[in-house]
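Please walk me through this protein model.

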Amino acid sequence: MRTYHCLPLFIWTYMFYAVDAIPLQEKANSGLPSKRMMSLTKDDGKMLHRTKRGWMWNQFFLLEEYTGTDTQYVGKLHTDQDKGDGNLKYILTGDGAGSIFVIDENTGDIHAAKKLDREEKSLYILRAKAIDRKTGRQVEPESEFIIKIHDINDNEPKFTKDLYTASVPEMSGVGTSVIQVTATDADDANYGNSAKVVYSILQGQPYFSVDPESGIIKTALPDMSRENREKYQVVIQAKDMGGQMGGLSGTTTVHITLTDVNNNPPRFPQSTYQFNSPESVPPGTHLGRIKANDPDVGENAEMEYSIAEGDGADMFDVITDKDTQEGIITVKQNLDFENKMLYTLRVDASNTHPDPRFLHLGPFKDTAVVKISVEDIDEPPVFSKISYLIEVDEDVKEGSIIGQVTAYDPDATNNFIQYSVDGHTDMDRIFSIHPENGSIFTLKPLDRESSPWHNITIIATEINNSKQSSHIPVFIRILDINDHAPEFAMYYETFVCENAKPGQLIQTVSVMDKDDPPRGHKFFFEPVPEFPLNPNFTIVDNKDNTAGIMTRKDGYSRHKMSTYLLPILIFDNDYPIQSSTGTLTIRVCACDQQGNMQSCSAQALVLSAGLSTGALVAILLCVLILLVLVVLFAALKRQRKKEPLIISKDDVRDNIVTYNDEGGGEEDTQAFDIGTLRNPEAREDSKLRRDVMPETIFQIRRTVPLWENIDVQDFIHRRLKENDSDPSAPPYDSLATYAYEGDASIADSLSSLESLAADCNQDYDYLSDWGPRFKKLADMYGGEDSDRE
């Protein structure tokens with residue numbers, strides 16, 4: 001069988017060949033008439049026979065992307081068994097059979113029904129067979145053939161990314177690799193130049209270049225500075241056909257950033273900085289900030305500030321703010337305007353991460369001068385110490401000086417200082433201070449046992465400016481003196497058995513003392529001097545601040561003596577020696593053989609009287625009720641006595657209350673001052689009651705003399721009113737005298753005693769002119785008859 005392959009003309013110019021006599025399948029038992037056997041043998045002399053193939057076929061080639069109006073012819077299948085009478089039928093199976101590739105079943109012509117794309121599928125494998133239409137049997141074994149799609153340049157190069165991002169350190173040398181870009185072409189790389197890509201740079205010159213084959217982008221200029229330009233946009237083109245005319249191309253964009261290197265030293269924008277500081281600022285105060293500029297970024301711009309030299313290196317410091325890269329000038333020690341008013345510092349700013357490649361450019365630091373002026377302010381007084389400790393004996397006399405504090409004005413004016421005690425720290429007003437020299441003295445007695453420490457605060461204030469003041473604590477320790485006598489540590493209930501033997505210990509006493517001697521307590525026990533030898537008991541000093549009470553005789557009788565009083569003299573060994581007498585009450589009790597108390601004398605007496613405990617309680621309740629009744633009766637009687645003697649509103653107190661007291665006669669001048677009746681001025685000074693002390697002392701007001709041009713009755717009423725409202729007046733049972741003689745009369749004396757001594761008779765006719773009050777006198781003395789009578 002032969003196969004005729006028809007292709008377009010421009011394909012035939014590249015490739016054409018025919019494959020002749022390629023057997024696909026041979027069958028020995030095939031009954032096809034087209035098969036011939038030709039055999040040739042060397043041994044038996046027989047001729048070798050050549051078997052003729054039934055199918056003749058070629059490998060087909062088809063051009064992709066066919067754009068013609070007719071279907072593209074692929075080729076023709078033919079078998080030797082085909083006589084041209086239409087008895088055979090050709091059938092095509094395999095990849096794309098019936099859809100992409102169609103065959104004429106009568107002639108065996110194959111056509112491509114669709115436009116093919118090599119990039120989608122470059123190879124198709126099909127199978128063909130010829131069938132006898134009458135018998136339905138294959139006249140030839142099934143044959144397989146291949147259809148290859150020839151490539152054309154229909155795909156442009158495509159980059160793996162639409163946008164590339166890259167970076168390269170600034171100041172890099174020429175040819176430093178930045179990034180590699182890659183473009184791919186879907187065309188067949190093994191067929192022609194359709195897939196051969198060449199790279200070129202469209203934008204980004206003269207800063208960068210690209211390798212045409214590898215696509216590696218490199219720097220093209222030396223010493224590119226980030227500070228001048230940081231970001232670049234580079235456009236790269238990829239073109240197929242080896243970059244020749246007519247090739248397809250694609251582009252991509254590359255963003256390239258220059259990264260920073262430490263190639264710039266810090267620089268201060270000004271050479272001198274000026275700051276002011278009050279002298280009262282505390283250490284650690286921030287005075288100001290300085291900053292050196294560094295065009296680098298990140299750690300390359302990090303710098304550190306330090307004081308290089310200057311007269312204020314000990315007074316000031318500079319710290320670095322890591323966030324803002326600023327130098328903060330701070331106060332290191334207390335400033336004093338009077339000591340120094342101006343400081344000059346030299347501050348360095350240097351990079352902390354220098355790059356060794358650029359050290360040849362010079363030192364990576366800069367220096368600036370910082371001047372600090374100290375401002376004078378009115379400072380408060382300063383004490384010579386931060387606190388004072390004063391120790392004083394507790395027996396110091398009131399008004400004694402116990403210590404002194406001193407303060408001074410640190411300002412140049414040196415104002416005077418006034419001292420005082422903060423009243424909130426000395427509520428009891430125990431201490432005071434001299435306002436001028438600061439001497440502290442006591443106002444009250446001190447007692448270590450009640451308050452061993454006193455913590456007061458002294459205030460020093462400038463006289464010219466009371467707002468400027470300082471406080472200082474003063475700790476006053478009260479030193480102990482031996483001013484308390486030792487005493488029994490507790491109340492002892494001591495008893496002695498009736499059957500006690502001599503030398504038995506019946507009680508051990510201990511002592512306490514409020515004092516606190518530095519060498520500790522040491523107490524001694526002795527009998528009192530008045531009774532140096534007690535026949536009943538013995539006091540034994542144990543030499544350990546305790547004493548034992550021992551019996552001295554054989555047996556005690558509670559009927560003869562139920563209670564013994566044993567005085568004990570106790571004294572200490574401090575100076576001055578303090579002693580006291582403690583009396584121990586010892587009861588005589590009945591005890592068993594083991595010395596356990598059974599009953600004592602007080603209980604025995606009660607039992608002997610035949611009174612029970614209930615009876616004693618009843619007696620006590622009765623006594624208590626009687627006491628309550630007596631108190632109530634006394635209170636009612638006192639309330640009755642407080643009622644006024646004169647209740648009537650019309651009473652003018654001219655009644656005399658008589659108490660049957662004749663007095664002592666004229667010689668008795670203690671009962672009442674008669675001169676008051678004759679001299680009103682003597683009564684004018686109000687006197688307090690001498691028999692009862694008034695509850696409240698009122699201010700005594702002097703009254704206006706009432707004897708000047710005033711009527712006697714009006715005088716009496718006014719006196720009555722004064723005594724009624726005067727809390728210091730005598731009680732109601734006292735005699736109040738309101739007699740008033742008045743001033744001298746224009747008629748002189750009316751006494752008849754002096755008329756006998758006159759040379760002539762007295763004329764009393766003028767009494768008739770004095771009004772009705774003197775009518776009786778005028779009748780008595782106005783006429784001669786009256787004189788005779």
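The link of Cys589 and Cys600 is right-handed, with 95° about the S-S bond. This is a disulfide, meaning a pair of cysteine sulfur atoms within 2.5 Å. Its S to S distance is 1.8 Å. Cys589 lies in strand 42 and Cys600 in strand 43 (residues 597-600), so the pair ties together parts that are 11 residues apart in sequence. Strands here are DSSP runs of E, at least two residues long, numbered from the N terminus. Both cysteines, Cys589 and Cys600, are buried. Buried means under 20% relative accessible area, exposed means over 50%, and partly exposed is in between, with a 1.4 Å probe and protein chains only.

The model is predicted: local features need pLDDT of at least 70, side-chain atom pairs count only at pLDDT 80 or more, and totals for chains, interfaces and linings use all residues. Residues are numbered from 1 along each chain as its sequence is written, and side-chain values use heavy atoms, with hydrogens and water left out.

How many disulfides does a search of the whole structure find? It finds two. Another joins Cys497 to Cys591, at 2.1 Å from S to S. Cys497 lies in strand 36 (residues 494-497) and Cys591 in strand 42 (residues 579-591), so this pair ties together parts that are 94 residues apart in sequence. The torsion about the S-S bond of Cys497 and Cys591 is about -85°, so that disulfide is left-handed. Cys497 and Cys591 are both buried. Number the bonded cysteines in sequence order, and the pairing reads 1-3, 2-4. Cys622 is partly exposed, with a relative accessible area of 47%.

Now turn to the strands. Strand 33 (residues 453-462) is mostly covered, with eight of its 10 residues buried. Strand 33 runs antiparallel to strand 30 (residues 417-421), and five bridges join them. Two strands pair if DSSP finds at least two bridges between them. Tyr419 has Ala460 of strand 33 as its bridge partner. Strand 33 also pairs with strand 34 (residues 469-479), in the antiparallel sense, over nine bridges. There, Ile458 has Ile472 of strand 34 as its bridge partner. A hairpin of six residues leads from strand 33 to strand 34.

Elsewhere, three strands form an open antiparallel sheet in the order 12-16-15. Strand 12 (177-180) and strand 15 (208-210) stand at the edges, each with a single partner strand, so one side of each is left without a neighbour in the sheet. Three bridges join strand 15 to strand 16 (residues 216-219). Val210 has Ile217 of strand 16 as its bridge partner.

Which residues have the most contacts inside the largest nonpolar core? They are Ile290, Tyr305, Phe316 and Ile372, in a core of 23 residues. A nonpolar core is a set of buried Ala, Val, Leu, Ile, Met, Phe, Trp, Tyr and Cys residues joined through side-chain atoms within 4.5 Å. Among the elements that give two or more residues to this core are strand 20 (286-290), strand 22 (316-321) and strand 25 (365-375). Take Ile372. Leaving aside neighbours within four places in sequence, Ile372 is in contact (heavy atoms within 4.5 Å) with residues including Phe275, Leu287, Phe316, Ile329 and Leu345. Another core lies apart from the largest one. That other core has 22 residues, among them Ala183, Phe208, Tyr232 and Val234.

Technical notes:
Helix = DSSP H or I, 4+ residues; strand = E, 2+ residues; numbered from the N terminus.
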